[in-house]
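Please open the structure in a viewer and keep the selection panel at hand.

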Amino acid sequence: MALIGDNQYDTPSVRLSEATASDYIELLKPRVMSLVVFTAFVGLVAAPGTVHPVLGFIAILAIAVGAGASGALNMWYDADIDAVMSRTSGRPIPSGRIAPKEALAFGLVLATMSVFTLGVLVNWLAASILAFTIFFYAVVYTMWLKRSTPQNIVIGGAAGAFPPMVGWAAASGSVSLESVVLFAIIFMWTPPHFWALALFKAGDYGAAGVPMMPNVRGARSTRRQIFIYSLMLAPIGVLPWILGFASAAYGLVAIFLGAGFVWYAYQVLRMSDFDGAMLPARKLFGYSIIYLFGIFLALLADVLAAGFVAGS
Amino acid sequence: MAMGEDFVELTEKQKKARRSRSLAIGIALAALVVLFYVATIVKFGPHFFNG
């Protein structure tokens with residue numbers, strides 16, 4: 001695999017940029033960032049203890065910028081892959097709007113600033129987890145796992161699972177079982193979410209040489225693994241209730257959402273090998289986003305309701 | 001030696017892009033200053049001003 005430094009996106013010695021601020025914002029992967037912000041916010045609110053609203057806002061902002069920095073570093077390294085895939089070919093680097101070196105510098109500066117801001121103004125445990133998350137996503141996942149193993153998003157999924165733990169650590173100054181459960185929910189959710197996408201985008205990943213599960217083990221094995229992961233995810237989603245840090249109302253919502261996930265995954269399992277449209281996989285991909293949002297929204301509502309009852 | 005040869009005339013698109021980037025950097029830096037100022041007050045409390 002070509003390293004980015006000597007590929008076709010490198011720039012000549014003199015280059016006058018036409019990149020606008022919005023191109024740089026695009027490097028931050030705003031859609032991914034929104035889910036990171038939301039899950040981190042829930043972690044922060046659900047954690048025991050109180051955090052000053054200003055410091056809470058700063059924590060979420062630092063986590064968002066850290067996540068954005070990871071996105072920029074990912075786009076820097078993966079520009080050659082992004083250029084080949086229809087979903088990503090319009091990104092700022094493959095389309096020529098931003099030079100790779102500019103994206104690298106942008107990502108490194110934001111990563112450093114986000115970690116130090118979180119450390120200096122909130123606490124260093126949260127900052128350390130944020131730094132590890134950025135390292136894990138940019139180096140372990142992007143530079144190593146993504147191009148070398150079909151288990152790339154299984155292990156790499158940890159990077160997306162850390163934000164609620166960072167939020168929790170920012171508010172409480174600790175890492176506890178509850179924050180590990182929040183981590184586990186996103187960790188187990190990531191493989192079926194991305195494999196559903198990989199099923200109907202297998203051609204794209206294949207052309208780019210990314211060893212996603214459908215390209216390496218085949219669609220049938222991927223469908224089976226999606227179903228197995230969904231069976232593990234559904235009960236983990238209910239754990240906050242079972243472990244006693246969420247109410248029965250949350251438990252009911254989690255059971256309902258988990259059953260929906262298993263049902264959609266079952267439709268994918270039953271999908272024919274010759275199904276070109278792969279509608280069940282597309283539906284599961286869409287539902288998986290609703291699931292994660294729903295689980296964390298239910299947890300947030302639960303925590304706020306408990307706080308309201310305790311305060312009245 | 002003609003110094004003028006070292007200068008590059010920016011196109012309108014490049015000028016507009018540079019303005020956009022400069023504005024964004026300015027806003028980000030100003031926001032960072034305000035952020036650290038407010039956070040300092042919050043962390044040290046009102047007695048910070050009382051000597």
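The stops that follow concern a predicted model.

Begin with helix 13 of chain A, residues 248-269. Its 22 residues reach 31 Å from the first C-alpha to the last, close to the 32 Å expected at 1.5 Å a residue. At the start of this helix, select A:Ser247: one of its side-chain oxygens comes to within 3.3 Å of the backbone nitrogen of A:Ala249.

Next, colour the buried positions of helix 13, including A:Tyr250, A:Ala254, A:Leu257, A:Gly258, A:Phe261 and A:Ala265. Against which helices do the buried residues of helix 13 pack? Display helix 9 (177-200), helix 12 (219-242) and helix 14 (279-311) of chain A to see these partners.

Now select A:Tyr291. Beyond its neighbours within four places in sequence, A:Tyr291 contacts A:Trp189, A:Leu233, A:Gly237, A:Leu257, A:Gly258 and A:Phe261.

Widen the view to the largest nonpolar core, which has 95 residues. A:Tyr291 and A:Tyr250 are among the members that touch the most others, as are A:Leu118, A:Ile185, A:Trp195, A:Ile295 and A:Phe296. Helix 9 of chain A supplies the largest share of this core, 13 residues. Domain 1 (23-175) and domain 2 (176-312) of chain A each contribute at least three residues to this core. Apart from it lies another core, of 11 residues, with A:Tyr24, A:Ile93, A:Ile98 and A:Ala103 among them.

Finish at A:Val36, in helix 2 (residues 30-46) of chain A. With a relative accessible area of 11%, A:Val36 is buried. Leaving out residues up to four places away in sequence, A:Val36 touches A:Ile63, A:Ala67 and A:Pro163. A distance drawn between the C-alpha atoms of A:Val36 and A:Ile290, 254 residues apart along the chain, gives 14 Å.

How values were computed:
Residues numbered from 1 in each chain as written. Chains lettered and ligands numbered in written order. Predicted model: local features only at pLDDT ≥ 70, side-chain atom pairs only at ≥ 80, totals over all residues. Heavy atoms only, no water. Helix = DSSP H or I, 4+ residues; strand = E, 2+ residues; numbered from the N terminus. Buried < 20%, exposed > 50% of the residue type's maximum accessible area, 1.4 Å probe, protein only. Contact = heavy atoms within 4.5 Å. Expected span 1.5 Å × (residues − 1). Polar contact = N/O pair within 3.5 Å; in protein donor to acceptor, adjacent residues only side chain to side chain. Core = buried A, V, L, I, M, F, W, Y, C linked by side-chain atoms within 4.5 Å. Domains from an automatic or database assignment.
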